[in-house]
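Biologist: I'd like to learn how to read a fold like this one, feature by feature. Could you walk me through it?

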Amino acid sequence: MFKFDLDNHDIKNIHFIGIGGVSMSGIAHLLLDSGFNISGSDREVNPHTKKLEELGVKVKYGQKAENIENPDIIVYTDAILPDNEELIYAKTLDIPVVTRGVFLGALMRNYKHSIAISGSHGKSTVTSMISTILVNSKYNPSILLGGDLDTIEGNVLVGDRDYLITEACEYKANILNYYPSTVIVLNISEDHLDYYKNLDHIVSTFIGYMKNLDENSNAIINIDDPNCIPLLDHIKGKIYTFGLRNKDADFRIENVKHDEIGKPSFTLVSKEGDEMDISLPVIGDFNMYNAAAAAISMIVTGVDKELIIKQLHDYRALHRRMELVGQYNGANIMTDYGHHPTEIKNTLHALSEHKKNRLICVFQPHTFSRTKSLLKEFSEAFDDVDEVIVTDIYAAREHFDSSIHSNDIVKLLLNKGINAKYLATFEEAKEYIYNTVEPEDLVLTTGCGIPHLLAYMIVNNQDFEHASPLP
């Protein structure tokens, strides 16, 4: 097992291959604040690499062997392919070369308590909800987020060694590297099928993760999700189940209500009869599950219930989670990170219930493998829109695959009678929106690639090269 000690000053230099990723950049920032010398590389400039450079990190662009100077440890992202020149060279050196997941698992063991949030959907939201509560409490947590949260002015917060709050993604079975004191499992569904064989393979990996937990651990599990049920028999520590539909849950979501624009409120009721009345400033019933999981983890931690209620009521969502970017021609332009069919379907359904005119979605598929393996599911994700535009697939970590194309999604949508079209580039999509959008339309750009840039392009009348939040 790879070990890493934050107090071991014999290790001075740590190099990150793919440092611009949201998780990689957060870990790099935390280590920099802990006194280590950090360097890294990435394919291109992004806001995270810019911020690291401003902090004094040496970042090189384009991944080549000469980027590696004199590190004691090299950490690389799972997005790096085996034929990457920098990674190939790194593995010839007589030093530890580990994945982000392995390194994060070792880093977590430096903290007295660690809260790890897992699930196919909702990880970042729950992590940000917990972060919002803890930073306004007596605790001084360290936080690694999968998005940018205004409350902590970014995706990382360096606190003390008592609590580390982090997302725990199941991609490439990374969760098997983690041994948290509190684990949250929100849901389990088919995803990352470029690595996993099928849903059973994913569930069995989560079971392996549960076996990592010791007798003093806490496991917070959504038992409305049938795929989470098999996990319960493999947990040695304390189990706290929650749900809306399953009456056997330790914590039940009851008395659900919505205000005039769809923001939910509910009562979280424990088996002992304790109640918490929670109201949320974000729409979407899936956020009730997210808030319930966050609240339970904070109850277990010992945070005052009134503080939990207040901070969830005042919660300011992560950027790129149903985020309002601005307006164009009287239409609201929003962006979202949803890239899995379930996430997209849930978000669009929530928005459709409160639209004033048309709901238009611009979707940038993420990776060829995900698009191919979930093609049917994508064709079922857009039932609530008035129009969907599908742009070219964002390859991310993958090479081009001619056997799948965005038009394959469009054809299935058209066969279902859904108004859909393929527009290859963001420039084409922007021009189309400019020519067709009407007052009180709602336009959502979605995907975990760079669809937020399209939202900026529309609102600020920018070209792709200069797309940014500032006009």
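Modeller: Happy to, and keep in mind that we're looking at a predicted model. Let's start with a pair of helices. In general, you describe two packed helices by the angle between their axes and the distance between those axes. Here, helix 13 (residues 426-436) packs on helix 14 (residues 451-460) at an angle of about 40 degrees, and their axes are 10 Å apart.

Biologist: Which residues of helix 13 and helix 14 meet?

Modeller: From helix 13 you have F426, E427, A429, K430, I433 and Y434, and they meet P451, L453, L454, M457 and I458 of helix 14.

Biologist: What do I get for helix 1 and helix 2 if I read them that way?

Modeller: The axes of helix 1 (residues 22-33) and helix 2 (residues 47-54) come within 10 Å and cross at roughly 10 degrees. That makes the two helices roughly parallel. Helix 1 passes helix 2 in a left-handed crossing. The contact involves V22, S25, A28 and H29 on helix 1, with H48, K51 and L52 on helix 2.

Biologist: Which strands go with helix 1 in a β-α-β unit?

Modeller: Strand 1 and strand 2, and the unit they make with helix 1 is right-handed. Strand 1 (residues 13-17) runs parallel to strand 2 (residues 37-42), and five bridges join them.

Biologist: How many bridges does strand 1 share with strand 4?

Modeller: Four, again in the parallel sense, with strand 4 covering residues 73-76. On that side F16 stands opposite V75.

Biologist: Is strand 1 largely enclosed or open?

Modeller: Largely enclosed by the rest of the structure, since four of its five residues are buried.

Biologist: Now the sheet of ten strands: in what order do they come?

Modeller: Read across, this open sheet goes 8-7-9-6-10-11-12-13-14-15, with mixed pairing. Strand 8 (154-157) and strand 15 (275-279) are at the edges with a single partner strand each, so one side of each has no neighbour in the sheet. On average, neighbouring strands are turned by 15 degrees against each other, ignoring direction. For a local view, take strand 10 (residues 182-185) and strand 11, which pair in the parallel sense over four bridges. There, I184 has I220 of strand 11 as its bridge partner.

Biologist: Which helices lie across strand 7?

Modeller: Helix 1 is one of them: it lies across strand 7 (142-149) and strand 8, at about 140 degrees to strand 7. Helix 5 (residues 123-135) is another, lying across strands 6, 7, 8, 9 and 10 and running at about 125 degrees to strand 7.

Biologist: Let's finish with a single residue. Where is N212, and is it buried or exposed?

Modeller: Look in the loop between helix 6 (199-210) and strand 11 (218-222). N212 has a relative accessible area of 16%, and the cut-off for buried is under 20%, so it counts as buried. Beyond its neighbours within four places in sequence, N212 is in contact with I175, L176, N177, Y178 and Y179.

Note on methods: Residues numbered from 1 in each chain as written. Predicted model: local features only at pLDDT ≥ 70, side-chain atom pairs only at ≥ 80, totals over all residues. Heavy atoms only, no water. Buried < 20%, exposed > 50% of the residue type's maximum accessible area, 1.4 Å probe, protein only. Pairing = 2+ DSSP bridges. Right-handed = clockwise from strand over helix to strand, strands pointing away. Contact = heavy atoms within 4.5 Å. Axes fitted to C-alpha atoms, helices over the stretch in contact; angles between N-to-C directions. Parallel < 35°, antiparallel > 145°, perpendicular 65-115°, else oblique. Left-handed = near helix turned anticlockwise from the far one by under 90°.
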